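Subject: Structure handover

Hello,

Here is the structure I promised to pass on. Please open it beside this email and follow along.

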Amino acid sequence: MQDTVTTSALLDPSHSSVSTQDKSSTGGHTSSTGPQPSKPSITPVPAKSRNSHPGANFHRMRRIIAEDPEWSLAIVPLLTELCIQHIIRNFQKNPILKQMLPEHQQKVLNHLSPDLPLAVTANLIDNENYWFRCCMQRWPVCHVAHHGGSWKRMFFERHLENLLKHFIPGTTDPAVILDLLPLCRNYVRRVHVDQFLPPVRLPAQLRPGDQSDSGSEGEMEEPPVDHYQLGDLVAGLSHLEELDLVYDVKDCGMNFEWNLFLFTYRDCHSLAAAIKACHTLKIFKLTRSKVDDDKARIIIRSLLDHPVLEELDLSHNLIGDRGARGAAKLLSHSRLRVLNLANNQVRAAGAQSLAHALAHNTNLISLNLRLNCIEDEGGQALAHALQTNKCLTTLHLGGNELSEPTATLLSQVLAINTTLTSINLSCNHIGLDGGKQLLEGMSDNKTLLEFDLRLSDVAQESEYLIGQALYANREAARQRALNPSHFMSTITANGPENSVG
Amino acid sequence: MNPPGSLADLDPNLDEHLSTQILAPSVHSDNPQERIQARRLRIAARLEARRREALGEYLDGKKESEEDQSKSYKQKEESRLKLAKLLLCGTELVTNIQVAIDTREIHRRVEEEEIKRQRIEKLENEVKTSQDKFDEITSKWEEGKQKRIPQELWEMLNTQQLHCAGLLEDKNKLISELQQELKTKDDQYVKDLKKQSDDICLLLERMEQQVKNVMKTFREELYHIEKAFEVERQELLASNKKKWERALQAHNAKELEYLTNRMKKVEDYEKQLNRQRIRDCEEYNTIKIKLEQDVQILEQQLQQRKAIYQLNQEKLEYNLQVLKKRDEESTVIKSQQKRKINRLRDTLNNLRSKYAKQIKQFQEENQSLTLDYQRLVLQFKELQKAMRHFALIDDEKFREIWLMNEEEAKDLIARAFDVDRIIHTHHLGLPWTAPDFWFLKNVGPISQQPQKSATQIVEEMLMHTEEEEAEEAASEPESYLDLPKQISEKTTKRILMLLCDESGFLVESKLLSLLLPLEQNECYLLRLDAIFSALGIESEDDLYKLVNFFLKYRAHRLSSSLQIESCSQASTEKASMEETSMGSELELAEQTEMEGEKEEGLVEGEKEEEEETPPYPWVIHPNDVVKILEAFVMGLKKPRDSRAPPRVQKNVRNNSKDSEYWQALTTVIPSSKQNLWDALYTALEKYHIVLTQRAKLLQENSSLEQQNTELQALLQQYLNSKINSELQVPPTQVLWVPKK
């Protein structure tokens with residue numbers, strides 16, 4: 001409080017004469033300064049300002065100086081310091097930042113409260129340190145690496161995610177999200193939402209944020225189960241690059257109901273329109289959302305000829321052969337580099353259409369068909385496609401009921417292909433002979449770095465020999481890269497990928 | 001599943017422990033697949049170890065060749081391989097769980113499909129049988145409708161009821177079966193959930209383990225690498241130390257050698273120094289003696305100098321006295337001068353004031369004088385006007401008088417000519433030709449033809465040439481002015497046309513537009529007028545100068561050697577021209593009369609000239625015109641200035657020719673003719689006398705004849721009278737007879 005008074009004394013000489021010790025700190029600054037009687041002499045003011053008891057009159061002040069043994073210049077903060085503190089205190093009402101010197105800006109930013117309204121701070125403050133504090137205050141665990149290393153981006157992305165997660169159509173005001181839009185549009189690049197709440201059907205029983213526990217009569221009225229429409233949001237975010245959505249409800253507990261997990265056609269259409277309008281989107285993920293063939297086709301149709309889309313992840317859905325055919329069409333009509341259809345219901349026909357598209361594709365790098373059921377027919381088709389493909393590096397065919405004929409063809413592919421670096425054939429029924437044939441194929445290959453044959457009935461000896469060949473390939477790759485760290489990084493990067501699947 | 005204890009016994013010798021580590025969990029696992037997997041892994045690990053040994057040997061062999069390269073490098077490579085191995089194995093271990101779950105899931109799916117198929121089959125069978133039963137029941141209803149007897153109906157209804165109950169029971173059974181199945185599925189689901197959570201736990205554990213392992217091994221490897229580096233450093237240090245010692249020894253030996261060498265050299269130098277010292281001492285002594293002698297001589301000189309100094313001092317003192325006196329004098333003079341300056345300043349002030357006064361005075365005077373001057377100028381102008389007026393009147397009078405006299409003289413001359421003609425024709429019988437003199441045709445006072453303006457000339461010329469073209473042969477010989485006649489008119493015209501065409505820029509554009517509708521000649525005329533006004537050509541002299549200039553330029557172009565000549569010619573011409581201009585202002589009165597003649601003469605002369613000199617080949621290039629004009633204008637400026645003053649006297653008449661003229665008038669009849677006339681006069685007088693004598697004689701003769709006739713008549717009368725007849729012999733007979 002003394003500080004503020006001295007500040008006022010410095011700022012306005014006329015002010016100091018009236019200020020008393022018990023004057024409120026904020027009042028001392030913001031109150032009017034005009035009509036107060038000014039002291040005849042201005043010269044004592046600086047002396048007084050140095051005093052620790054500036055409010056006292058001249059005589060008393062002298063007395064205090066005489067008696068105060070602990071008085072020293074060091075106690076008195078600098079005027080700039082005081083001003084900065086004042087600015088910090090009133091930042092919400094009067095945000096001053098850009099006009100200050102860099103060092104002062106730094107000071108202000110270090111002391112600003114993370115609770116300031118976003119409307120003030122969003123477009124004004126770029127300092128990472130401030131946003132770091134904001135993030136740490138809100139969330140105990142923060143992986144800034146997932147958000148491009150920017151705390152500000154992380155804050156906005158997670159804030160938006162939070163809002164979306166708890167948005168209840170019909171109950172929550174859509175303005176909550178749309179108001180945030182102008183603040184966060186320049187910072188949000190990735191939207192990751194792993195739950196979408198359905199609209200509340202019986203508002204009397206339910207509190208917002210809670211799950212619906214109504215009975216199964218909701219089966220009849222499908223239309224009102226639509227979720228939040230992402231169209232406006234996606235159109236508003238100018239730098240959106242990644243969209244990671246799960247139409248799911250978490251922590252429903254005993255209120256479980258199949259109805260909660262519906263991904264309706266209206267949802268699907270609005271989502272498709274949104275991603276079609278978003279030309280900056282690079283990664284689109286829609287997992288665990290019960291996307292069936294029709295919905296997948298709707299979404300894929302909207303993604304056809306998308307200018308920048310690179311990764312499409314539709315894993316853990318209910319996509320069958322028709323959806324796979326749509327994906328195959330997308331392969332030839334976009335610049336897709338990564339396609340993930342893991343844990344779907346793709347069968348031989350779908351795999352064949354994918355293989356057909358793959359045969360002449362020059363963009364796709366990674367294809368994941370884990371936990372489907374393409375069987376030998378599909379596997380053979382894919383192997384044939386790989387004989388002409390010159391782009392694919394990663395292929396995951398784990399858990400696809402493949403057996404020897406596919407292995408025979410793949411061994412031929414291995415002998416020819418020079419781009420593939422990773423193949424996963426785990427959880428199939430390759431068999432002993434198949435394993436031998438793959439070993440033969442491996443003996444001619446110099447590029448493959450990973451070949452997963454676990455739990456696929458291959459003889460241990462051939463598996464071991466394949467492992468040796470892989471090791472030799474890896475060493476060769478390392479020598480080629482001439483950089484040991486690069487080699488290590490590829491291994492470490494591949495590790496978690498395998499574990500995630 | 002792996003007890004954490006297995007982590008603890010991880011040795012640097014990684015391979016075996018890795019295998020045991022993998023072995024341990026798999027054996028105790030209650031999942032058969034996992035066990036299989038684990039065993040397989042164990043075997044793979046063993047194989048790997050074997051392979052690694054072989055590779056290691058190979059690497060060692062490779063290393064041995066590079067043994068001396070570095071120990072640390074070897075260690076690094078080793079560590080790297082070890083760590084890569086560890087990472088690979090660890091990730092494999094972790095992903096094993098996922099793979100196992102995947103296989104389980106596949107199995108489950110296959111089984112599920114099978115069960116589903118069976119269930120559907122069963123349901124279909126059930127539906128078929130129940131449908132049959134239902135059909136049977138419905139058919140019986142029809143039967144029942146025909147039954148009339150209530151007992152039968154009741155019986156039938158009972159059986160129907162029984163049937164229905166059986167059908168319902170079947171359905172219920174099926175439902176309960178399905179529910180049972182559902183329950184077991186629920187249980188299965190719960191179990192699966194538990195298992196999954198177990199799996200996840202296991203996964204987490206393994207991951208944690210893996211992280212710990214990796215950290216540990218990394219640390220160890222780091223330690224090893226550091227150690228290797230340390231050892232290498234130590235070795236390096238040792239070897240370097242040895243090297244250093246060796247070098248130091250060598251250095252010491254060399255030092256010793258240098259020392260002995262130095263000692264020797266020092267002795268040498270000492271000897272040399274001694275020798276040098278002795279020599280220096282001797283030298284020093286000799287020099288000392290010489291210098292002392294020098295000192296003595298110098299002292300002597302010093303004494304002399306001192307004496308001179310004394311003398312000089314006295315002289316200087318005297319001088320000082322003199323100067324002091326002078327100084328005093330000068331101060332006196334100074335004060336005097338000061339006073340004088342003061343006085344002069346006073347006078348200066350006085351003079352200044354006077355000067356100012358005088359300036360004022362003179363200004364006033366000047367003003368009055370200027371006023372006077374203005375007045376005088378006015379008067380002078382008036383006077384001039386009067387003068388001009390009088391001059392005009394005088395001219396007029398002079399002209400009248402001149403005309404009167406001339407008329408008189410002409411009358412006289414005509415009479416004389418008449419007489420002469422009569423004399424010639426009547427008396428002398430000679431043919432008479434009227435004498436032809438220039439002055440006879442003069443009317444009015446003789447004067448210099450006024451300087452025609454250039455345009456006038458041009459106009460005339462144009463008109464003339466036009467006429468000439470029209471009546472070429474018919475035109476009587478004409479002559480132009482008596483100006484330089486070496487230019488043919490055609491040439492002039494052509495030059496002017498050229499000028500007109502080429503220097504159109506001098507003509508205002510407005511004028512050009514106005515000229516369009518006019519005739520060609522007029523057009524040329526106006527344009528030339530404009531061009532001349534632009535060039536500053538006013539008089540005909542200028543015009544001819546211009547034409548000459550053109551021609552000379554051409555000539556100059558033709559032969560550059562002629563240049564100097566032409567220049568001189570031009571200068572002489574200029575001079576002559578001035579003369580003529582002075583001289584030709586003679587006979588003002590005759591000007592009008594003479595003009596025509598002059599023109600004729602000019603043309604005549606020009607024609608002659610044309611005959612004489614072949615017409616110039618036209619060689620002036622149109623492009624040169626502007627250049628020529630420029631040069632001409634530059635040249636024209638100077639004479640214009642010098643000629644300005646004589647122009648004022650233009651009106652003063654030149655009366656030098658007057659007397660000549662009048663004299664000429666008197667001598668219209670030449671003296672030879674007068675002599676002739678005198679002789680004729682005397683002869684005629686004589687002839688007159690003869691004639692008068694003859695006239696007298698004729699008169700006498702006539703009177704005698706008259707007397708004769710009278711006498712004859714008297715005789716006749718007498719003869720014819722009666723008396724005669726009466727008389728016998730009349731007198732008549734007598735007379736007659738003689739007569740016969």
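Predicted model: local features only at pLDDT ≥ 70, side-chain atom pairs only at ≥ 80, totals over all residues.

**A loop residue in chain A**

With that term in hand, find L364(A). It sits in the loop between α16 (348–359) and β6 (366–368) of chain A. Is L364(A) buried or exposed? Buried means under 20% relative accessible area. L364(A) has 0%, so it counts as buried. Leaving out residues up to four places away in sequence, L364(A) touches L331(A), L336(A), R337(A), V338(A), L339(A), L358(A), C391(A) and L392(A). Now look at E311(A). Its C-alpha atom is 9.3 Å from that of L364(A), although 53 residues separate the two along the chain.

**Chain A as a whole**

Chain A contains 21 helices and 9 strands. Of its 501 residues, 51% are buried. Take the contacts in chain A between residues at least 6 apart in sequence: 75% of them join residues at least 24 apart.

Start at strand β2 (residues 242–245) of chain A. It runs parallel to strand β3 (residues 283–286) of chain A, and 4 bridges join them. One pairing to look for is L245(A) with L286(A) in β3(A). How does the chain get from β2(A) to β3(A)? It passes through helix α13 (residues 265–277) of chain A, in a right-handed β-α-β crossover.

Next comes strand β4 (residues 311–313) of chain A. It is parallel to β3(A), with 3 bridges between them. Here K285(A) stands opposite D313(A) in β4(A). The chain goes from β3(A) to β4(A) through helix α14 (residues 293–303) of chain A, and this β-α-β crossover is right-handed.

**The nonpolar cores**

The largest nonpolar core has 116 residues. Which residues have the most contacts inside it? They are F284(A) and F451(A). Beyond four places away in sequence, F284(A) touches L243(A), L245(A), L271(A), I275(A), I299(A), L303(A), L309(A), E311(A), L312(A) and D313(A). Another core lies apart from this one. It has 24 residues, including L535(B), L551(B), Y553(B) and F632(B).

K152(A) is in helix α10 (residues 151–165) of chain A. Its relative accessibility is 3%, so K152(A) counts as buried. What does its side chain meet? A polar atom there lies 2.8 Å from the backbone oxygen of A122(A). Among the residues that K152(A) touches are I125(A), D126(A), E128(A), W131(A) and Y187(A).

Now move to chain B. R104(B) is in helix α4 (residues 71–146). At 19% relative accessible area, R104(B) is buried, because the cut-off is under 20%. Its side chain makes a polar contact of 3.0 Å with the side chain of D199(B).

**Annotated spans in chain B**

An unreviewed UniProt entry annotates "coiled-coil region" over residues 106–140, 168–210, 256–308, 334–379 and 694–724 of chain B. What does the model show for two of these spans? Residues 106–140 of chain B are 100% helix and 0% strand, with end C-alpha atoms 50 Å apart. Residues 694–724 of chain B are 97% helix and 0% strand, and their end C-alpha atoms lie 42 Å apart.

Best wishes

Methods. Residues numbered from 1 in each chain as written. Chains lettered and ligands numbered in written order. Heavy atoms only, no water. Core = buried A, V, L, I, M, F, W, Y, C linked by side-chain atoms within 4.5 Å. Buried < 20%, exposed > 50% of the residue type's maximum accessible area, 1.4 Å probe, protein only. Contact = heavy atoms within 4.5 Å. Helix = DSSP H or I, 4+ residues; strand = E, 2+ residues; numbered from the N terminus. Polar contact = N/O pair within 3.5 Å; in protein donor to acceptor, adjacent residues only side chain to side chain. Pairing = 2+ DSSP bridges. Right-handed = clockwise from strand over helix to strand, strands pointing away. UniProt positions renumbered as here; feature names shortened; annotations may be inferred.
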